[in-house]
Amino acid sequence: MRLSHFDYYAPATLIEAIDLLQSKGPGVRVMAGGTDLLIKMRHAGLKPKAIISLKSIKGLNTIAFDEKKGLTIGATALLADVARHPDILKHYPTVAQAARGTANAQVRNMGTVIGNLCNASPSADNAPTLLAMGAEVHIQGPTGTRTLPLEQFFRGPGATALEPFEIVTAIHTPLPAPHSGTAYISLSARGKLDCTAVGAGIMLTLKGRVCEDLRLFIGACGPTPVRARRAEAMIRGKELTDDVIDKAGVQASEETRPITDVRASADYRSKMVAVLTRRVLRISHKSALER
Ligand SMILES: Cc1cc2nc3c(=O)[nH]c(=O)nc-3n(C[C@H](O)[C@H](O)[C@H](O)COP(=O)(O)OP(=O)(O)OC[C@H]3O[C@@H](n4cnc5c(N)ncnc54)[C@H](O)[C@@H]3O)c2cc1C
């Protein structure tokens, strides 16, 4: 399908981008890499009257790590850059792994982590890990800047907490606590070129042999990534025995509401939530013991 006519703007500053969003009114879309936006325009009938590209805004592609403050990924930092950044590989290996596991090399060299989040697909591969690690979204709009926990950002398929004319400028992830481990596993029928049918992301912190805290998020099994709070409660304060891990897997499965679609049946997804939960618990536990 041919793209319909649209005006294209490449502002040099965020202020200019926000002014453009306001002055052009409804029907204008922000674009980072365009790997979701342009596909929707070509194949899903999306017809924005204008596109505002963020790629010419200086500094927006910055990836910054600080031993005390943690990690900040700018809005136009590429998936490929996140996947191979030395500080991310060292301190946030699961964030790098999720970026590396998104799509293929061509898409990773165009697309961004923040575009992946703003697209708000329930199956977005970069969401569960960042949610589990307690990331925050930095937002700028006509009235100034604000910060929102990523957990409050997703509102439904394709819907976020962004107000009109707001732009996500960065995502910030705190430094992982000592003795913590993370893991992300996703399943899809056709490997990385297919959307994830089920994903599970976790951060778990140990005190001695006991799980002091954890955050577990399941992707593609609800309108937004689902936090498996009751499964978390079954584990918090306990040693990770096989019995505890098995019961938590079953509980996580009960907390999700998957649908049947072209990627998988609801029944398969439910079963796989239990399997992936068990696996991410074991992997994150092992990595927490090693830290
Ligand atoms: C072949 C192929 C395979 C793919 N495989 C996967 C996969 O395995 N896993 C996966 O999760 N995804 C996959 N995707 C989807 C896509 O590549 C990712 O979601 C990508 O990270 C989107 O980033 P982008 O910069 O291209 O976003 P864009 O397409 O530029 O934007 C996506 C949406 O977010 C909005 N937006 C972007 N940036 C901002 C911002 N800073 N502030 C406010 N709104 C913003 C845009 O308006 C748009 O609505 C695949 C796509 C293709 C084409």
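Which residues does A32 touch, not counting residues up to four places away in sequence?

1. Please keep in mind that this is a predicted model. In it, A32 touches L54, A75, T76, T112, I114 and G115, once residues up to four places away in sequence are left out. A32 itself sits in the loop between strand 2 and helix 2.

2. One of those contacts deserves a look on your screen. T76 is 44 residues from A32 in sequence, yet the two C-alpha atoms are 5.9 Å apart in space. A32 counts as buried because it has 27 C-beta neighbours inside 10 Å, where 20 or more is the cut-off.

3. A32 also matters for reading the ligand site: A32, G33, G115, N116 and C118 come nearest among the 33 residues around the ligand. The shell divides into 19 nonpolar, 10 polar and 4 charged residues.

4. Where does the shell come from? Strand 2 (28-31), helix 2 (37-43), helix 7 (113-118) and strand 10 (167-173) each supply at least two of its residues. Helix 7 gives the most, with 4 residues.

5. Now to helix 1 (residues 14-24), in which A17, I18 and L21 are buried. They lie on the same side of helix 1 because they cover an arc of only 95° around the axis. Their cover includes strand 2, strand 3 (50-53), strand 6 (136-141) and strand 10.

6. On the face of helix 1 turned away from the buried side, you will find the exposed residues I15 and S23. After helix 1 comes G25, with a positive phi near 75°.

How values were computed: Residues are numbered from 1 along each chain as its sequence is written. This is a predicted model: local features need pLDDT of at least 70, side-chain atom pairs count only at pLDDT 80 or more; totals for chains, interfaces and linings use all residues. A residue is near a molecule or strand if its C-beta atom, placed from the backbone, lies within 6 Å of it. Ala, Val, Leu, Ile, Met, Phe, Trp, Tyr, Cys and Pro count as nonpolar, Asp, Glu, Lys and Arg as charged, and the others, Gly among them, as polar. A residue is buried if 20 or more other C-beta atoms lie within 10 Å of its own, exposed if 12 or fewer, and partly exposed in between; C-beta atoms are placed from the backbone. The arc is that of the directions from the helix axis to the C-beta atoms. Two residues are in contact if their C-beta atoms, placed from the backbone, lie within 7 Å.
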